[in-house]
Amino acid sequence: MRVMVIIKANKDIEAGQMPDEKILTEMGSFNEQLAEAGVLLGMEGLHPSAKGARVKFTGTKRTVTDGPFTESKELIAGYWIWRVKSMAEAIEWVKRCPNPTGQESEIEIRPIFEAEDFGPEFTPELRAQEERVIARAAELAQAEKA
Amino acid sequence: MRFMMLMIPKGYETAKPGTMPDPKAVAAMMKYNESLQKAGVLLALDGLHPPSMGARVSFSGGKPKVTDGPFAEAKEVLGGYWMIQVKSKAEAIEWASRCPGGDNEVIEIRQVQEFADFPADVQQAASGFAEMQAQSGQRKGS
Amino acid sequence: MAVTATDTHRSIDAVWRIEQAKLIAGLARMVRDVGLAEELAQDALVAALERWPQTGIPDNPAAWLMATAKNRAIDRLRRKALMARKQDEIGRELDARLELAVPDIDAALDDDIGDDLLRLVFTACHPVLSTEARVALTLRLLGGLTTDEIARAFLVAEPTVAQRIVRAKRTLAEAGVPFEVPRGGDRAVRLASVLEVIYLIFNEGYTATAGDDWMRPQLCEEALRLGRVLAGLAPDEPEVHGLVALMEIQASRARARLSPTGEPILLLEQDRARWDQLLIRRGLAALERAEELGGAQGSYALQAAIAACHARARTGADTDWARIATLYDALSQLTPSPVVELNRAVAVAMAHGPAAGLALVDALAAEPTLRGYHLLPAVRGDLLAKLGRFEEARADCERAASLTQNARERELLLARAASLGRSKKVPSA
């Protein structure tokens, strides 16, 4: 299974503060371990929400608001995508992660939908589409094993 | 420039484990995903299972503490994301606006950090590892 | 939230970037002239810039732009007709032509647009145009880049680019190049021209160094985007997928290939943790598609397969050199060149030992095109050192150092030469 492992932002990160050298080095080492174990599929850092925007949907209307989004407690600073055998394995890895901010930090683990999660309630058209998605996922999985 | 389009679906914070998206919504979304792909801007996308199937780990000095989902205090949660490659934030916003989002859904657009975005000394610290690797590689004669 | 004029302009600009290629393509099919199509599209943009700040961006901007451009086309036809003063005749002809030329907008936008876009790709890359003209026209019509952006990307003056584009359109019109997708025997050659243009754009961006104008590395992204679009338009062409695979995998190394001070780092010395796994996965998937279509022996597919060997290796030591050597064998048969041969020699040496590699390198000694190429003596020096022929190796390293433009590389080569000078001689194997 795959999981998205999300590092939550705090005021300092949102203010554009760079992580200190010690954390960078420790994180680098942690990422190396993830890569060596074949767990690491991807990782990205996000610029603070001040550089972002939000689009709200109401019927056919779209309302655009520029960041920062100071009221939100759920801002993302960065994330990984991991391939693991179970949530338990993901949790174990997160416990080994160095504290990403050096202060109080929160990391959220969310399992990712895979094609095989979709059940029989889909129409034949969607089934065909789904088959293409599965074939695609298989391509990617094969590519990863290669 | 890369941007994440983070889908924040209304009410997903309380969705039960095993909640599946509505097939009609999926069909509309697949059409949208195809349009992103045809335009050559789509890099990746994923849907996330609800927070009730997730977990949180908090670090505050001492041992990391694990809490299983759902998370009562969370007013908004991530439902999925797209990663796109476009020339500007305005273009990312335009694509996000074309998403067949439901009422009161929100897409948050965030710019992805490129390594070159960081100041030189941070790059230096982060790449110290690379120098070590290259050196050890040379010593082994590889 | 107050929407400023600049915000609206940026939004219109974003819509334009997304829609303009399809708009030009659809118009080009109707008016049978790429230059005229672009002018009509520009007319529509001007109209949008005038109207949309008041009305807001329409729900279907593509349809609005197309309808507006078509109206302009009709206006122009009418004006031309009036000037010719054969009003009745032309009026009838016009009505007939208009009925043909105004198909159902929605249908046109969904189905034909893919074909039209493909027609535009082939037309912009037509071999009757010079390479620079093809590149400029492709970036303008398909990429939506302004002449200023193209100029900055290729380090030439803007008027030069503007001229190139004007002349390119004229050449296409004068040569009577039909607005169509080539079929049959012509198709392979025409497709090769398209792929060449896209890869040229990619390489121009790939050679950009830190401190360059932002538009230069942007070229890699634009080339990748064009490649991906083409893969969607021509999904049965293996070499399209091969090229996309090659570009995705090369791009995956972007974050690892320059030092913090902006100097290039050799592939074998790069921090592989910094290789973008997402792009590598995309590249491997594209390569697999090329192979499934029977295109494993295509030039781009072979190059991509070589890049894939490196991409799959977690460390330099894990590299499947035997496979790379085999792939270079195939590539050197298909597109022989001294540089390919030199790369083949390196791979053969890694796979089968330095003596085998040295034999291939020595065969290149007299090659005129490699005369000033520092990597030839650099590779030879490396192989000689591995064979214990230190004196000869030292000489080659010094020669390589004298030929390279790169300061860091020169330092490394001179240091290597110095340490070889101090090495004890060992009887050669």
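In this predicted model, pLDDT remains under 50 over residues 127-142 of chain B, a stretch for which 13 contacts beyond four places in sequence are found. Where pLDDT is low, predicted coordinates should not be read in detail. For chain B as a whole, the mean pLDDT is 84, and 80% of the residues reach 70 or more.

Chain A contains 4 helices and 6 strands, which follow one another from the N terminus in the order β-α-α-β-β-β-β-α-β-α. Of its 146 residues, 48% count as buried. Among contacts in chain A between residues at least 6 apart in sequence, 72% join residues that are at least 24 apart. The accessible surface of chain A amounts to about 7,200 Å², and carbon and sulfur atoms account for 56% of this surface.

The contact between chain A and chain B involves 61 residues from chain A and 61 residues from chain B. About 5,300 Å² is buried between the two chains, with carbon and sulfur atoms contributing 60%. On the side of chain A, the residues losing the most area to chain B are Phe57(A), Arg110(A) and Phe113(A), which together give 15% of what that side buries. Between chain A and chain B, 9 salt bridges are counted. Glu74(A) forms a salt bridge with Arg56(B), in which the closest N and O atoms are 3.0 Å apart. Strand 6 of chain A (residues 105-111) supplies 7 residues, the largest share of the side of chain A that touches chain B.

Glu108(A) is located in strand 6 of chain A. Because its relative accessible area is 3%, under the 20% limit, Glu108(A) is classed as buried. Its side chain makes a polar contact of 3.1 Å with the side chain of Lys8(A), and a polar contact of 3.3 Å joins it to the side chain of Arg110(A). Beyond four places in sequence, the residues in contact with Glu108(A) include Met4(A), Val5(A), Ile6(A) and Glu74(A), together with Ala55(B), Arg56(B) and Phe71(B) from chain B.

Backbone geometry was examined next. Most residues other than glycine have a negative phi, and most peptide bonds are trans. In chain A, a cis peptide bond joins Gly67(A) and Pro68(A), with omega of about 5°; Pro68(A) belongs to the loop between strand 4 (61-66) and strand 5 (76-83). In chain B, the peptide bond from Gly69(B) to Pro70(B) is cis, with omega near 0°, and Pro70(B) lies in the loop between strand 4 (65-68) and strand 5 (80-85).

Positive phi values occur at Asn104(B), near 65°, and at Leu155(C), about 55°; neither residue is a glycine. Asn104(B) is placed in the loop between helix 2 (89-97) and strand 6 (106-111) of chain B and is partly exposed, with a relative accessible area of 38%. Leu155(C) occupies the loop between helix 7 (147-154) and helix 8 (158-174) of chain C. With a relative accessibility of 61%, over the 50% limit, Leu155(C) therefore counts as exposed.

Also in chain C, Val31(C) lies in helix 1 (residues 5-31) and is partly exposed, at a relative accessible area of 25%. Apart from residues up to four places away in sequence, Val31(C) touches Leu36(C), Ala37(C) and Leu40(C). Val31(C) and Arg281(C) are separated by 250 residues in sequence and by 42 Å in space, C-alpha to C-alpha.

How values were computed:
Residues are numbered from 1 along each chain as its sequence is written. Chains are lettered from A and ligands numbered from 1 in the order in which they are written. Side-chain values use heavy atoms; hydrogens and water are left out. pLDDT is the predictor's confidence in each residue, from 0 to 100. Contact means heavy atoms within 4.5 Å. Helices (H or I, at least four residues) and strands (E, at least two) are DSSP runs, numbered from the N terminus. Buried means under 20% relative accessible area, exposed over 50%, partly exposed in between (1.4 Å probe, protein chains only). Accessible areas come from the Shrake-Rupley method with a 1.4 Å probe; for residues, only the protein chains shown count as cover. Buried area is the accessible area (1.4 Å probe) that two parts lose on being put together, summed over both. A salt bridge is a side-chain nitrogen of Lys or Arg within 4 Å of a carboxyl oxygen of Asp or Glu. A polar contact is a pair of N or O atoms within 3.5 Å; within protein, one must be able to donate a hydrogen and the other to accept it, and residues adjacent in sequence count only if both atoms are side-chain atoms.
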